[in-house]
Amino acid sequence: MEEKVVFAPGNLFVIGEYAVLHGGRALVVAVDSGIECRVVPRGAGWWLRAPDLGVDAPLQSVPNSSGAGLLARAVRAAQTLFPTVGPLQVTVGGRGWGAGRKIGLGGSAASVVAVLGALATSAGQDVTRAPARRALLPAALAVHRAHQQGRGSGADVAASLHGGWLDNRLTDGAPHARPATVPAGLRLAAVWSGLQSDTPVGIDRFRRMGTAQVEQYLQALQSELDRFWTACRQADGPALLAAVSAYGTLLDDLTHRLAPQAADRMTLLTRAAADCGAFAKSSGAVGGDCAIALALTAEPLDGARAAWRRLGAEVLDITPDRHGLRPVPAGS
């Protein structure tokens with residue numbers, strides 16, 4: 001077998017955080033910064049290399065509890081799915097903006113999808129086709145859910161697998177994603193806050209607020225989410241942006257309650273973008289990672305990027321990725 005290489009895009013949450021765990025529809029977008037996995041035959045047994053994590057060792061010596069444990073679990077799941085493949089050397093690393101760092105672009109989900117996709121490609125499957133992706137989704141979701149202690153919506157896994165703008169909803173505990181049609185001309189900019197968040201921790205803190213407060217927030221979030229999807233269906237760009245901004249205000253309030261150490265920084269970034277005419281919010285779990293800004297023309301986003309740079313923040317050099325999991329030429 002010759003070398004096989006695949007790429008899985010990362011992603012950003014546009015809207016739907018927390019509400020998606022309670023029946024709401026989330027919009028996520030795949031981005032062109034993600035994870036690459038390459039596999040080559042290795043007669044002496046399975047080997048895992050993850051330069052970004054400082055791992056270069058036999059697969060059996062990588063414990064699930066280590067930094068590369070998620071990758072090891074993904075390889076072991078792929079061995080079960082494709083028992084005739086191997087042994088292989090599996091090399092996993094970031095590609096694109098921020099490669100090798102945890103910056104809130106869904107790298108853990110993309111890593112799982114990339115590993116499973118590389119072994120599926122080695123088994124002769126076309127991972128760009130629907131049948132292969134349908135088979136990979138539950139396996140990738142199971143591995144990633146185990147990593148997140150059973151939490152998470154799976155929207156990040158679906159985005160890495162399918163690419164594009166995705167309308168994602170949990171049904172019977174599994175993500176169901178379909179392409180989302182967003183208004184023509186919708187543009188996105190993103191910035192890293194300089195702080196890291198932890199999705200399971202954010203979810204736990206939210207749940208611990210108490211039933212009454214959780215229900216109050218969920219009702220408010222769902223109301224703005226409904227307004228967003230109505231605007232999306234009607235191709236009403238201004239109403240869509242207003243709903244995103246209102247949802248972001250609710251998340252901002254949550255951040256001050258659940259992760260006050262990150263709240264001031266995130267508020268600073270979103271307000272700087274809003275002052276330039278963009279519609280901004282945090283993206284993903286409360287407590288850090290990325291802020292995003294949306295607009296229907298380029299000028300507000302150009303202003304937001306400039307304002308973010310003046311604040312010393314790292315603007316993400318990313319664009320939406322339409323293709324999802326895919327092979328890339330070996331040696332590239």
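D56 counts as partly exposed, at 48% relative accessibility; here buried means under 20% relative accessible area, exposed over 50%, and partly exposed in between, with a 1.4 Å probe and protein chains only. The side chain of D56 meets that of R49 in a salt bridge, at 3.6 Å from N to O. R49 is likewise listed as partly exposed, with a relative accessible area of 27%. By salt bridge I mean a side-chain nitrogen of Lys or Arg within 4 Å of a carboxyl oxygen of Asp or Glu.

A word on the source. This is a predicted model, in which local features need pLDDT of at least 70 and side-chain atom pairs count only at pLDDT 80 or more, while totals for chains, interfaces and linings use all residues. Residues are numbered from 1 along each chain as its sequence is written, and side-chain values use heavy atoms, leaving out hydrogens and water.

The whole structure holds 12 salt bridges. One of them joins E36 to R95, with the closest N and O atoms 3.3 Å apart. This pair links distant parts of the chain: E36 lies in strand β2 (residues 26-41) and R95 in strand β5 (residues 88-95), 59 residues apart. Helices (H or I, at least four residues) and strands (E, at least two) are DSSP runs, numbered from the N terminus. Is E36 buried or exposed? E36 is buried, with a relative accessible area of 13%, whereas R95 is partly exposed at 30%.

Another salt bridge brings together the side chains of D253 and R257, at 3.5 Å from N to O. Both residues sit in helix α7 (residues 237-258), and because they are four residues apart, about one helical turn separates them. D253 is partly exposed at 35% relative accessibility, and R257 is partly exposed at 45%. Elsewhere, salt bridges that share partners join E3, E36, R38 and R95 into one network.

I turn now to a sheet. Four strands form an open sheet in the order β9-β10-β8-β11, with antiparallel pairing; two strands pair if DSSP finds at least two bridges between them. At the edges are β9 (279-283) and β11 (314-315), each pairing on one side only. β9 and β10 (residues 290-295) run antiparallel and are joined by five bridges. S283 has C290, in β10, as its bridge partner.

Which helix packs on this sheet? Helix α9 (residues 298-310) does, touching β8 (187-192), β10 and β11, where contact means heavy atoms within 4.5 Å.

Terms used: Axes are lines fitted to C-alpha atoms, for helices over the stretch in contact, and angles run from 0 to 180 degrees between N-to-C directions.
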